[in-house]
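Have a look at the model first.

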Amino acid sequence: MEYGSIEREIHVDATPEVVYEVVTTPEHLREWWPDDADLEPVPGATGTVSFGDSSTPNAQVVPLTVVEADPPRRFSFRWVYEDLAVATPTNSLLVTFELVPSGTGTLLRLTETGFREKGWEAAVLEAHYRDHVSGWDYFLPRLVEYVARLVSTR
């Protein structure tokens, strides 16, 4: 296995505008992905996503930097880099959400790249890659379920 990129496609029963909002705003992100999120969806903005109870030392707070915000088509950010560092192609992973109209809904294409570029030793690379694969396989269906609940209440 090359551990170069993760690619997923999933259909969401909502317009690209709704899906874009769900993948870019903290109040929506918290409903399907991290336990907490603090970010502004504008290029160059920095923020964090947090997994676990932030009042405990076990919480994992991950910095991120928004790379591209093109509503309602594309949103990307770099993450998994050292605190206080500036995210670059060699020290971070790049996550891109591409939103394509599909019938009455949206085809969401997720790509995460940069695993090999981080220079991790082989076992570390494999562990991170597998962790992210299982993470996206868990969280993307939650996004679909959350959007279904969201649009049913609008």
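What follows covers the sheet, the helices, the core and the aromatic rings.

## Ground rules

This is a predicted model, where local features need pLDDT of at least 70 and side-chain atom pairs count only at pLDDT 80 or more, while totals for chains, interfaces and linings use all residues. Residues are numbered from 1 along each chain as its sequence is written, and side-chain values use heavy atoms, with hydrogens and water left out.

## The sheet

Seven strands make up an open sheet, in the order β1-β7-β6-β5-β4-β3-β2, with antiparallel pairing. At the edges sit β1 (5-12) and β2 (36-38), each of which pairs on one side only. On average, neighbouring strands are turned by 20 degrees against each other, direction ignored. Strands here are DSSP E runs of at least two residues, helices are H or I runs of at least four, and both are numbered from the N terminus. Two strands pair if DSSP finds at least two bridges between them. Axes are lines fitted to C-alpha atoms, for helices over the stretch in contact, and angles run from 0 to 180 degrees between N-to-C directions.

Now walk across part of it. Strand β4 (residues 60-70) pairs with β5 over six antiparallel bridges, and E68 stands opposite S76 in β5. On β5's other flank, six bridges join β5 (residues 74-79) to the antiparallel strand β6 (residues 93-102), where S76 faces T96. Next, β6 pairs with β7 (residues 105-113) over nine antiparallel bridges; F97 has L110 in β7 as its bridge partner. β6 and β7 form a hairpin with two residues between them, and G103 in the turn has a positive phi of about 60 degrees.

T65 is in strand β4 and is buried, with a relative accessible area of 15% (buried is under 20%, exposed over 50%, partly exposed in between, with a 1.4 Å probe and protein chains only). Leaving aside neighbours within four places in sequence, T65 is in contact (heavy atoms within 4.5 Å) with G44, A45, T46, F77, R78, Y81 and A87.

## Helices and core

α3 lies across β1, β3 (46-51), β5, β6 and β7, and runs at about 10 degrees to β1. As for α1 (residues 16-24), seven of its nine residues are buried, so this helix is largely enclosed by the rest of the structure. Among those buried residues are P16, V18 and Y20.

## Aromatic rings

How many aromatic pairs does a search of the whole structure find? It finds 16. Rings of Phe, Tyr and Trp (its six-membered ring) pair if their centres lie within 6.5 Å; planes under 30 degrees apart count as stacked, over 60 as edge-to-face and the rest as tilted. The F75 and F77 rings have centres 6.2 Å apart and planes at 50 degrees, so this pair is tilted. F75 is buried at 2% relative accessibility, and F77 is buried with a relative accessible area of 2%.

F115 and Y129 form an edge-to-face pair, 5.2 Å centre to centre with 75 degrees between the planes. F115 is in the loop between β7 and α3, Y129 is in helix α3, and they are 14 residues apart. Both F115 and Y129 are buried. There is also one aromatic cluster, whose members include Y20, W32, F75, F77, W79 and F139.
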